[in-house]
Amino acid sequence: MRKKGSSIQKRLYMLLLVCLVPLVIMVLYLLYMINNFSQRYNRIVENITAVSSYSIDFKENIDYTMYIIVVNMERAAELVDTEQPHGMIKEAREDFLTLYHNASSEYAQSQIWNILKTLNTLEDRVEEIEADALVSGAYDKNMERLDMNIRVLTQLIQEQIQEYIKYETARLETLRKGIQADVGNAIRIGALVFGTILAGAIFISRKIMTGITVPIRMLSEATKQAASGDFAVRAQEDSDDELTVLNTSFNRMIEKIGYLVEDIRIEQQNLRQAELKLLQAQINPHFLYNTLDSIIWLAEAGEKEQVVQMVSALSDFFRTTLSKGKDYITLEEEEMHIQSYLQIQQLRYRDILTYDIRIPDELRGNLILKLTLQPLVENALYHGIKNKRSVGHIEVTGRTDGEKMIFCVCDDGIGMTQERLSYIQAVIQGKQSDEKISAGFGLFNVNQRIQLNYGPEFGLTIDSIYGTGTEAAVTIPIVNSQTFSVKKSIECS
């Protein structure tokens, strides 16, 4: 029963959220605080900047314009027509009304309201002077009004503006202290949040890493045991994360490897059995008895030279058959093996057997599995030539096809019917047991040895026409002695 748990991906997402969410909140808080400070600072600076222009120029412009109206009747008419003093007052009133509506405190509104009232009074005094400016004899009165009213009011407005600027400047200092305090708070909060994130990240990351590294370590131990040959080992499958998928795949792989190792062991046993059967077939007592009987008959007949040839051929035949326990011999040695066999049989069946061996010289140094061609030659003799009951010919040829060698053993014996050929082909492929028809030493064993040693893409094929003859073809890879030595060294290491 698997434990339900979060996957590695979900746990990593959790770690990311633990670190990311508090950081995002802290950053948003800092951005809000900075934006708030910036807006407040900009508003105060804008107010001070707007008011400062009136603090410098407004009094001088109004005083000078009204002075011209009082002392110069011609210019007075022109200035009155263009409403120059009223335009300046109107512009100032609009600016201060805007400041009034945007004021952030009652005191600031009160200061601006006083300036607006003074501007209204100033406008009334300007109208009185303008009304008498074009009247002859009003000069002294207007000069008095200029000194006592206009200049006094503009001075008052200037003082009120200075008071407002002083207040806003004090607010800047207060804002600076507030910013300093908020920055200190932000640093403390940031340090607290960072410490919390760090502690949470360390705790969760250690838990996540433990949940990852422990199963990996256990899988590594299981892998080591499997590498040492213990295919019964299994990795734990007790959760629902990605490592369990890996453990499940590992278990299936080890199970399949165990089956494959067992299959290989069985195949090796089959190979040894096939080799043993083939070797037993080659050391057939009937073949040995018949050959020895032939030697006795030749000796009794005084055929010393033929006796020597047969004994020499028999000696070479069994020397190659045993070959010091080697599985692979050179193609030249295999050729000598079938040459010895055919010499013996030709001496025994000189009236019915001829043969020809044509293998290119460039192939003689390549290696071949021992007892590959000789059984086919024996099969051609006993099941082809002898059943023909007349002179027959056996031909052994070899050629290359890319990276393969193809050897053909052909005879012009009796051949096989289509039914018998199909049956023999089924026997070779292991689809049918050799019970109803004798196949000599066992073509199945020959094909099995080739495929067990070289691979399933290689092997034995047979074709026959009844009354014409039979052709057996063997396909194996080209293996030279140097390549074979390197391969053996790699396998041993």
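Q432 is partly exposed in this predicted model, with a relative accessible area of 34%, and the residue belongs to the loop that runs between helices α11 and α12. The chain as a whole has 493 residues, of which buried residues make up 39%, and its secondary structure consists of 13 helices and 7 strands. Among contacts with a separation of 6 or more, 73% are between residues 24 or more positions apart.

- Leaving aside residues up to four places away in sequence, Q432 touches Y423, A426 and V427.
- Q432 and F444 are 12 residues apart along the chain, and their C-alpha atoms are separated by 9.6 Å.

**Helices α11 and α12**

- Helix α11 covers residues 418-428 and helix α12 covers residues 443-454, and their axes come within 8 Å while crossing at roughly 40°.
- That angle makes α11 oblique to α12, because angles under 35 degrees would count as roughly parallel and those from 65 to 115 as roughly perpendicular.
- The handedness of the crossing of α11 and α12 is right-handed.
- On the α11 side the contact involves I424, V427 and I428, which meet L443, F444 and N447 of α12.
- Sorted by class, the residues in the contact of α11 with α12 are 5 nonpolar and 1 polar, with no charged residue.

**Helices α8 and α9**

- The axes of helix α8 (residues 304-322) and helix α9 (residues 331-348) also come within 8 Å, and they cross at roughly 145°.
- The crossing of α8 and α9 is left-handed.
- Residues of α8 that make this contact include Q306, M310, L314, F317 and T321, while those of α9 include E333, H337, Y341, I344 and R348.
- The contact of α8 with α9 is made up of 7 nonpolar, 7 polar and 3 charged residues.

**Nonpolar cores**

- In soluble globular proteins, nonpolar side chains tend to be buried together.
- The largest nonpolar core here has 45 residues, and those with the most contacts inside it are L342, I394, L460 and I476.
- Apart from that core lies another, of 33 residues, which has A92, L122, L153 and I165 among its members.
- When residues up to four places away in sequence are not counted, I476 touches I368, K404, M405, F407, I450, Y454 and F458.

- The phi angle of L371 is near 60°, a positive value in a residue other than glycine.
- As background to that angle, most residues other than glycine have a negative phi.

Methods. Residues are numbered from 1 along each chain as its sequence is written. This is a predicted model: local features need pLDDT of at least 70, side-chain atom pairs count only at pLDDT 80 or more; totals for chains, interfaces and linings use all residues. Side-chain values use heavy atoms; hydrogens and water are left out. A nonpolar core is a set of buried Ala, Val, Leu, Ile, Met, Phe, Trp, Tyr and Cys residues joined through side-chain atoms within 4.5 Å. Buried means under 20% relative accessible area, exposed over 50%, partly exposed in between (1.4 Å probe, protein chains only). Contact means heavy atoms within 4.5 Å. Axes are lines fitted to C-alpha atoms, for helices over the stretch in contact, and angles run from 0 to 180 degrees between N-to-C directions. Helices (H or I, at least four residues) and strands (E, at least two) are DSSP runs, numbered from the N terminus. Angles under 35 degrees count as roughly parallel, over 145 as roughly antiparallel, 65 to 115 as roughly perpendicular and the rest as oblique. A crossing is left-handed if the near helix is turned anticlockwise from the far one by less than a right angle, and right-handed if clockwise. Ala, Val, Leu, Ile, Met, Phe, Trp, Tyr, Cys and Pro count as nonpolar, Asp, Glu, Lys and Arg as charged, and the others, Gly among them, as polar.
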